[in-house]
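Here are my notes for your first read-through. Keep the structure open beside them and find each residue as you go.

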Number of protein chains: 2
Amino acid sequence: MSNDSITAPQGFSAAGVACGIKVSGKADLGLLVCPGGATAAAVFTTNKIVSAAVQVSREHMSSRKVHAVVVNSGNANACTGTKGLADAKKMCGLTARHLGVEPGEVLVASTGIIGHQLPMDKVTAGINEAAQRLSDSQEAGLAFAQAIMTTDTRCKQAYREIKLSRATVKIAGTVKGAGMIGPNMATTLLFITTDVTISKPLLGRALKDAVGSSLNRLTVDGHQSTNDTAILLASGMAGNPRITSRSGQYGKFAKALTDLCTDLVRQMALDAEGATRIFKVVVKGAATKADATRAARAVADYPLFKCAVHGRDPNWGRIICAVGSAGVKLNPEKLSCRLDNLYVFRNGTPTKFDVKEASRIVSQQEHTISIDLGVGRSRDFYYGCDLTAEYVRINADYHT
Amino acid sequence: MSNDSITAPQGFSAAGVACGIKVSGKADLGLLVCPGGATAAAVFTTNKIVSAAVQVSREHMSSRKVHAVVVNSGNANACTGTKGLADAKKMCGLTARHLGVEPGEVLVASTGIIGHQLPMDKVTAGINEAAQRLSDSQEAGLAFAQAIMTTDTRCKQAYREIKLSRATVKIAGTVKGAGMIGPNMATTLLFITTDVTISKPLLGRALKDAVGSSLNRLTVDGHQSTNDTAILLASGMAGNPRITSRSGQYGKFAKALTDLCTDLVRQMALDAEGATRIFKVVVKGAATKADATRAARAVADYPLFKCAVHGRDPNWGRIICAVGSAGVKLNPEKLSCRLDNLYVFRNGTPTKFDVKEASRIVSQQEHTISIDLGVGRSRDFYYGCDLTAEYVRINADYHT
């Protein structure tokens, strides 16, 4: 099998180890390295309370090149004051020393419980061990992907390949996230590697757009964490003509990147805490794009609807109720709703639909709810997942 | 035992019957009558999609006097088009004929499943039977309170008595609501009777204020239904000097009314679908009142925090996370959080608190979370309840 992990694009090596931050003994420290130095783009949480790692990485993004990303799971290093900040900087410093680069050329990310200080002896040992194990093998990429997991039950990876002129450009990504997934930098750690040659501003643009229509369109429980971070590293080793404008080449790369992110988002939604199925809410006929977004999110976030999806119940009344209370402009006499291609509500009136067919649709692993507000031409969408007793169990039992 | 139901204030009679709307055979039709004619106040849902009953009652509120309220549970008569509207009017017409009043002097309310036409033969028989059974007994008031229940497991009633001059003024109320409880006319049917003598504008003012600081400060799942209705009827038979200004007498009445509504809201929160305990989120130090409201609601609505409360886990990290993502102005270095009187986070840093004491606090039937945003002098609060597996079971199994 050919490598489809984050070490697949040329110029990257990785490692993942268990250093004892997690009491379970599972992997909890990952290292992703680009020895030649990568052009980097990043998107961070908009939560007003941010982790120490986010503070440090934001600062380090001003470096011309990024040589590594060091990540720990099992501890968010958030709400940890000045000691937390010093620890995040130390993680960069230790990693930099192993690689012979500047601390400012290393990014850091953390995920896990809030308000506990990092066990720095363990973290230090973990970084030392990971630095010894760095490899560009598929196994190393997978080990990194596993080291960033928290309540995730599955490791999420995606891979895409495109041709730019005669060069083969590879893009690979891994994401963690299962709860605390709200939009606007949706709640996760996301790491993407590529060997494309591209200018820094355009790399940033491409990441922002890709995240905007993938991670920022998924809601599991409507909140952003203090640690959300998406990092995209480009080694520039694919040999394609350098992308410096929003040309066709740029478009092709950006499309593949969005596609990869959407793939990861789907995997994330399906692995959301307790989730058994996912859905896409498409809102059209809205007066403004903002209204479309708001209505789509209102449905995707609505606990009663999420429960109905879990019960395989085509309860369109809860969809209409959520849309009506979203505070958006709509025409009650034009309002329509479809489950996949089946109209259940049309022009303000329930249709006589085939209940068996409706049940079949909502029982699928993924279905689409299409809503027409009947007032304009704007549209948007949101992904969501069902709400289950398992979600409650996971989050009531996850003790501080 | 003296009467403490909605028939306690002078001038009211009531009835509740089972007419077969609910397949369970439980009571599903209630009638509340003020033979002498009552001054009425009402607050309705702000959902853009409203039930037929809400449309009709809004219209009938322009009548000088209201003689009756007819209510059915088990069917929301929402999203039911012109037939639904005609049925809601018919419910008023039938009731009016029994009482010898105008249909416009009767209000109507419905609660239950959306999108199904009312079985009008059963409803008609129910109104006929209820009209025969009207009584001012405590049993009749209780029968009405039971007839408005849906997934409620307990019947909610509250009673207050005040002295205005030498007159004894009675206020009694009943509320239904267990899920679909969001703020801004929080999701319920609420009926209050009183024998106070008061002008219509002041009665409206008193109801709006009382709802504003009670029902509009409770969130169970953050959404408004299509049917939310609060109705307050004043028979004027207590013999107090008519209240026509915002005097001390008005203040005394308004305070008792708010107190009664808060009592009902507590009962509702504790009986929220699957809930086992409730909490109050108090936010102070906010730049604006709107910010305080928003931050308090963000915490009260946050599924991860609600799960933590269910797990009796003093997970203050989730509180801070919710506050940070609420989009309000805050000072990360001044941010503080208390559980009852125990500081768990102070001036941006975790405190070394007694974990046993914190667990005891969050294990109570009700506790208070106090948050200081550290930027201003505004404050507000919200009530919420825990999120449980039972909530999911109820709402996944409630089939259309």
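1. Start with R338(B). It stands opposite S370(B), which lies in β13(B). Keep in mind that this is a predicted model.

2. Now look at the two strands around that spot. β10 of chain B covers residues 336-339, and β13 of chain B covers residues 366-372. They run antiparallel, and 4 bridges join them. Strands of a sheet pair through backbone hydrogen bonds, either parallel or antiparallel.

3. Step back to the whole sheet. In which order do the 6 strands of chain B come? The order is β12-β11-β10-β13-β9-β14. The sheet is open, and its pairing is mixed. β12 (349-350) and β14 (378-385) of chain B stand at the edges. Each has a single partner strand, so one side of each has no neighbour in the sheet.

4. Next, the helices. In chain B, the axes of α2 (residues 81-99) and α3 (residues 120-133) come within 10 Å. They cross at roughly 25 degrees. Angles under 35 degrees count as roughly parallel, so α2(B) is roughly parallel to α3(B). The crossing of α2(B) and α3(B) is right-handed.

5. Which residues meet there? From α2(B) come D87(B), K90(B), M91(B), L94(B), T95(B) and H98(B). From α3(B) come M120(B), V123(B), T124(B), I127(B) and A131(B).

6. Finish with the core. The largest nonpolar core has 284 residues. F253(A), A295(A), V299(A), F253(B), A295(B) and V299(B) touch the most other members. Leaving out residues up to four places away in sequence, F253(B) touches I162(B), L164(B), V169(B), V196(B), A206(B) and I243(B).

Technical notes. Residues are numbered from 1 along each chain as its sequence is written. Chains are lettered from A and ligands numbered from 1 in the order in which they are written. This is a predicted model: local features need pLDDT of at least 70, side-chain atom pairs count only at pLDDT 80 or more; totals for chains, interfaces and linings use all residues. Two strands pair if DSSP finds at least two bridges between them. A nonpolar core is a set of buried Ala, Val, Leu, Ile, Met, Phe, Trp, Tyr and Cys residues joined through C-beta atoms within 7 Å. A residue is buried if 20 or more other C-beta atoms lie within 10 Å of its own, exposed if 12 or fewer, and partly exposed in between; C-beta atoms are placed from the backbone. Two residues are in contact if their C-beta atoms, placed from the backbone, lie within 7 Å. Axes are lines fitted to C-alpha atoms, for helices over the stretch in contact, and angles run from 0 to 180 degrees between N-to-C directions. Angles under 35 degrees count as roughly parallel, over 145 as roughly antiparallel, 65 to 115 as roughly perpendicular and the rest as oblique. A crossing is left-handed if the near helix is turned anticlockwise from the far one by less than a right angle, and right-handed if clockwise.
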